[in-house]
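I opened the model today and kept notes as I went.

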Amino acid sequence: MIRTYFNDRAGVWDETVSEKNGTKLELMAGRLNIAAGSTLLDVGTGTGVFIPFLQERLGAGGRIIGLDFAGEMLRVARRKGFEGDVDFLCADVACIPVEDGTFDSIVCYSSFPHFQDKLAAFIEMKRVLRDGGRLFICHTSSRHHINGIHQRIPVVCDDIIPEEDEMLRLLARAGFTDIEIEDNRESYFCSAVRPDSEQFEGLGFEFEADVKSLYRVSQGAH
Ligand SMILES: C[S@@+](CC[C@H](N)C(=O)[O-])C[C@H]1O[C@@H](n2cnc3c(N)ncnc32)[C@H](O)[C@@H]1O
């Protein structure tokens with residue numbers, strides 16, 4: 001159903017729905033702690049709206065894989081003919097057809113609320129991140145604003161950014177550390193790190209017990 005919703009909008013996505021404010025997108029890309037020349041997975045890439053801004057950060061030696069389960073969105077993205085090392089994968093975030101530890105970072109720009117099984121998505125994204133790799137979930141509006149828009153559209157009315165406690169719980173359960181969430185009028189930004197494998201094995205399930213003490217969370221007004 002969600003996939004059909006996006007496939008049906010692919011042809012008009014860039015004109016009618018996607019973020020038009022290039023400055024906002026540029027600022028958001030600048031907040032991502034991504035190294036020049038690294039390998040990045042853009043999950044829910046859609047028509048590839050964020051790709052040029054990611055490319056600026058990654059530089060000529062960087063590599064981007066844009067993943068989306070809506071083939072029509074990817075068809076539009078491919079037609080844009082991005083220069084440089086950009087490829088696309090048509091797949092569900094809960095089952096990413098690449099080897100463990102492939103990516104230095106993963107970005108979910110304006111896509112995370114739509115993942116139907118958020119814990120499965122986190123677990124799978126952690127699998128394909130390298131040790132020490134970073135996950136970023138970001139939007140160019142506040143959580144409150146995004147959730148409000150979705151709640152007015154029947155097909156996506158349940159696709160929300162969870163409350164802070166739930167985000168922390170899900171990310172910790174999937175095994176992420178160093179979680180930071182910042183939610184304000186201008187943007188929603190969450191980052192988390194895949195710890196070194198050995199460190200993670202040692203933590204086991206105790207990790208979930210004292211979840212709150214492990215995070216630095218900042219929250220502004222909506
Ligand atoms: C709101 S659109 C955002 C697209 C693009 N990032 C942008 O900002 O224009 C969300 C995208 O996430 C994709 N998506 C939703 N759930 C997904 C899933 N489970 N696996 C892969 N892609 C998914 C949709 O097909 C859609 O293209």
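**Helix 3.** This is a predicted model. I looked up helix 3, residues 22–31, and found Leu25, Met28 and Ala29 buried. Why do they sit on the same side of helix 3? They cover an arc of only 100 degrees around the axis, which puts them there. I then turned to the face directed away from that buried side. Thr23 and Gly30 are the exposed residues it carries. Next I asked what the buried residues of helix 3 pack against. I found helix 4 (51–58) and strand 5 (129–139).

**Helix 5.** I repeated the check on helix 5, residues 71–79. Here Met73, Leu74 and Ala77 are buried. Viewed down the axis, the buried residues of helix 5 fall within an arc of 95 degrees, so they line one face of the helix. I noted what covers them: the list includes helix 1 (2–9), helix 2 (13–16), strand 2 (63–68) and strand 3 (85–90). After helix 5 comes Gly81. I read its phi as positive, near 60 degrees.

**Cores.** I looked for the largest nonpolar core and got one of 49 residues. Val107, Met125, Leu171 and Phe176 have the most contacts inside it. I followed up on Phe176. Leaving out residues up to four places away in sequence, Phe176 touches Phe122, Lys126, Leu135, Leu171, Ala192, Val193 and Arg194. Another core, of seven residues, lies apart from the largest one. Among its members are Phe69, Ala70, Met73 and Phe88. Met73 is also one of the buried residues of helix 5.

**Ligand.** I listed the surroundings of the ligand and got 20 residues. The closest are Phe6, Gly44, Gly46, Ala70 and Ser110. Ala70 is also among the residues of the seven-residue core. I sorted the shell by class: ten residues are nonpolar, eight are polar and two are charged.

**Whole chain.** I counted ten helices and eight strands in the protein chain. Of its 222 residues, 39% are buried. I also checked contacts with a separation of 6 or more. Residues 24 or more positions apart account for 72% of them.

**Confidence.** The protein chain averages a pLDDT of 90, and 89% of the residues score at least 70. Where does pLDDT stay under 50? I found that stretch at residues 204–222. For those residues the model has 25 contacts beyond four places in sequence.

Definitions and conventions: Residues are numbered from 1 along each chain as its sequence is written. This is a predicted model: local features need pLDDT of at least 70, side-chain atom pairs count only at pLDDT 80 or more; totals for chains, interfaces and linings use all residues. A residue is buried if 20 or more other C-beta atoms lie within 10 Å of its own, exposed if 12 or fewer, and partly exposed in between; C-beta atoms are placed from the backbone. Helices (H or I, at least four residues) and strands (E, at least two) are DSSP runs, numbered from the N terminus. The arc is that of the directions from the helix axis to the C-beta atoms. Two residues are in contact if their C-beta atoms, placed from the backbone, lie within 7 Å. A residue is near a molecule or strand if its C-beta atom, placed from the backbone, lies within 6 Å of it. Ala, Val, Leu, Ile, Met, Phe, Trp, Tyr, Cys and Pro count as nonpolar, Asp, Glu, Lys and Arg as charged, and the others, Gly among them, as polar. pLDDT is the predictor's confidence in each residue, from 0 to 100. A nonpolar core is a set of buried Ala, Val, Leu, Ile, Met, Phe, Trp, Tyr and Cys residues joined through C-beta atoms within 7 Å.
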